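Dear colleague,

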Amino acid sequence: MSSIANHLAKRKATEEGEGSNDKAIPFNKQDFQTLRRECLESGKLFTDTSFPADWNSLGYNELGRYSSKTRGVEWKRPTELCSSPQFIVEGATRTDICQGALGDCWLLAALASLTLDKDILARVVPPGQSFEENYAGIFHFQFWQYGQWVDVVIDDRLPTREGKLLFVHSAEGSEFWSALLEKAYAKVNSSYEALSGGSTTEGFEDFTGGIAETYNLSKAPRYLFKIMKKALGLGSLLGCSIDITSAYETEAVTRQKLVKGHAYSITAAEEVHLHGTPVELVRIRNPWGQVEWTGAWSDDSREWDGVRPEEKSKLDHSAEDGEFWMAYSDFLRQYSKLEICNLTPDTLVSDEVGHWNHYQFEGMWRVGSTAGGCRNNAATFCSNPQFAIKLDDVDDDPHDGKDGCTFLVGLMQKDGRKERRFGRDLNTIGFSIYQVPDEYKGRTNIHLGPDVLLRQKSVAMSSTFINLREICDRFKLPPGEYVIIPSTFEPHKKGSFLLRVFSEKHAATSPMEEDISVEVDEPDITEGDVDPYFKRLFLQIAGSDSEVSAFELQKILNRVVTQRSHIKTDGFSLETCRHIISLLDMDGNAKLGLVEFHTLWTKIQKYLEVFKSHDSDNSGTMSTHEMRGALAEAGFQLNSEVLQLIVSRYANSEYSMDFDCFMGCLIRLEMLFKMFKTLDKHDSGKIELDALQWVCLGLN
């Protein structure tokens with residue numbers, strides 16, 4: 001129950017803006033300003049008990065307690081390592097980031113790229129931190145984590161061996177912002193070892209909140225140059241690199257002065273005219289600030305002599321600053337990989353660039369309810385969460401010359417690095433996109449079933465199903481209504497995910513089933529409508545007071561269901577019987593009279609027919625994956641979130657449900673809807689309760 005309350009509180013806080021970069025959520029509920037003030041008042045340096053200076057923070061295997069790699073490690077503050085430590089000296093630069101004894105070069109490459117954009121870096125490294133003014137041994141950094149920004153507090157004790165930093169360090173040894181940032185990122189992911197191995201795009205995303213695409217340049221799409229140009233116009237970060245075949249090639253310089261295994265930034269994509277013939281060029285920057293390409297279109301190369309002066313002056317083509325131009329055709333031949341990090345509108349402060357439209361949704365795959373697996377699993381695929389996207393406006397200046405709506409879809413699974421220490425692997429994930437049939441267009445409060453998803457092909461899907469943190473793909477579809485279905489490859493795999501959509505033009509997006517509702521027939525019965533035979537039967541059951549208590553109802557219902565050989569049951573619980581009476585008892589005496597009992601009997605007959613129709617294998621029980629359809633037939637329109645709670649509460653260990661649990665669930669739902677409707681006098685969809693009212697309703 002407390003987890004549900006926490007989930008609802010988190011959602012409400014998000015709706016109020018919490019989790020944005022400006023209102024980052026304190027990680028582990030540690031508030032930087034409060035903790036620093038307390039340390040300054042007490043005169044003591046901050047000690048972070050939530051990420052202690054011991055082996056547990058280092059790792060669990062390679063950097064575990066008994067590993068040779070952690071022998072002799074001492075945790076020291078920068079003030080113990082040099083006489084005049086500095087946080088940042090003359091701005092953050094690439095030379096502040098030197099890799100140590102940890103395989104997190106992917107993280108450092110992303111960080112090196114960010115040093116080129118001071119505005120974006122300031123979102124990760126809040127200003128006003130130093131080892132001088134207000135120094136208290138405490139620092140903080142901000143990271144994007146699965147849809148929200150978190151503010152991470154650390155103490156400045158760093159792992160060292162023989163007086164030197166074990167992990168990231170600056171070239172000159174006296175600048176510590178990069179080492180402290182690495183520690184904060186390790187804290188978010190549970191340990192330093194959890195950072196070993198990854199892709200630069202993961203770092204890009206956690207430092208910006210953007211969505212990253214990767215292109216293998218040996219298989220570059222036909223219109224990649226136009227994609228790059230449009231991405232730059234939308235303020236995206238572009239990086240490229242040359243693959244290495246061995247560690248010996250790391251930062252090896254080629255004959256034409258390109259550096260292998262090194263992260264470059266792409267800063268422009270333009271078309272010039274060489275003797276009147278158009279040529280596509282890209283501008284690339286080496287973060288070193290030197291060592292530039294010496295081939296065609298490099299600084300002062302002869303190709304520039306054939307370009308008109310007015311074009312040449314616009315491109316600022318000659319300076320020894322690490323930045324150079326290169327023909328796009330040479331770029332494809334020389335480089336191996338292109339990474340594009342598309343930024344959210346709030347990241348971009350310049351009015352000179354356009355903005356992507358950005359939408360995101362959190363979801364869960366729960367075994368027995370919403371973990372349906374991919375399309376190969378026909379029996380369960382349709383139970384996966386579903387999200388609607390409506391594309392209305394076609395792109396401006398389409399890169400392939402054809403009208404259509406461009407959008408990116410990123411599916412990210414949560415907390416993979418934290419789970420490593422428990423030996424848990426990432427799920428294999430992907431997604432499918434289906435066109436919404438005409439009869440369902442304009443409706444969002446639906447869940448597409450087998451009649452749609454198993455009878456038509458998807459119009460698009462992820463490039464693969466893969467066990468990475470995120471899979472992201474670019475699509476272009478005609479205007480229309482579509483549904484995105486994220487899933488694991490195999491069914492019955494639990495996990496939490498974040499689905500993000502970036503579109504060039506505005507797109508209406510939402511979960512397919514947002515609203516919940518109920519339409520249960522309430523027959524208006526009087527005592528005169530009751531069949532005489534039923535009345536005599538009731539009087540025999542009820543006894544002298546002509547009313548049925550919860551205890552008597554339990555005996556009656558269990559006697560009836562045990563005589564039905566085609567359904568399985570463990571018997572109705574006393575709690576369920578009390579819920580039944582609470583729903584139907586009109587005079588408040590906690591018993592059922594003749595008319596109330598007749599109403600119950602009608603409900604039981606109806607719900608029994610629903611149960612039997614969804615017992616597809618005639619086992620006497622119903623699979624929880626059939627629950628959505630059964631609830632809809634009974635009159636309840638519920639979303640995936642509610643369905644997940646129902647399964648966790650009413651299903652057995654094999655994710656099936658017998659009749660008494662099914663009946664108990666429907667009665668409980670009907671009672672909750674009825675109470676809400678009674679209190680919602682103005683039909684607003686909201687009610688307000690004080691503590692006493694809440695407790696009384698909860699105990700009812």
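Buried here means under 20% relative accessible area, exposed over 50%, and partly exposed in between, with a 1.4 Å probe and protein chains only. At 0% relative accessibility, Asn286 therefore counts as buried. This is a predicted model, in which local features need pLDDT of at least 70 and side-chain atom pairs count only at pLDDT 80 or more, while totals for chains, interfaces and linings use all residues. Residues are numbered from 1 along each chain as its sequence is written, and side-chain values use heavy atoms, without hydrogens and water.

An unreviewed UniProt entry lists Cys105, His262 and Asn286 under "active site"; such annotations may be inferred rather than shown by experiment. Asn286 lies in the loop between strand S10 (277–285) and helix H10 (309–315), where helices (H or I, at least four residues) and strands (E, at least two) are DSSP runs numbered from the N terminus. Beyond its neighbours within four places in sequence, Asn286 is in contact (heavy atoms within 4.5 Å) with Val259, His262, Tyr264, Val291 and Gly322. His262 is found in the loop between strand S8 (237–241) and strand S9 (264–274), and at 4% relative accessibility it counts as buried.

Over residues 602–637 the chain is 56% helix and 11% strand, and the end C-alpha atoms are 21 Å apart.

Yours sincerely
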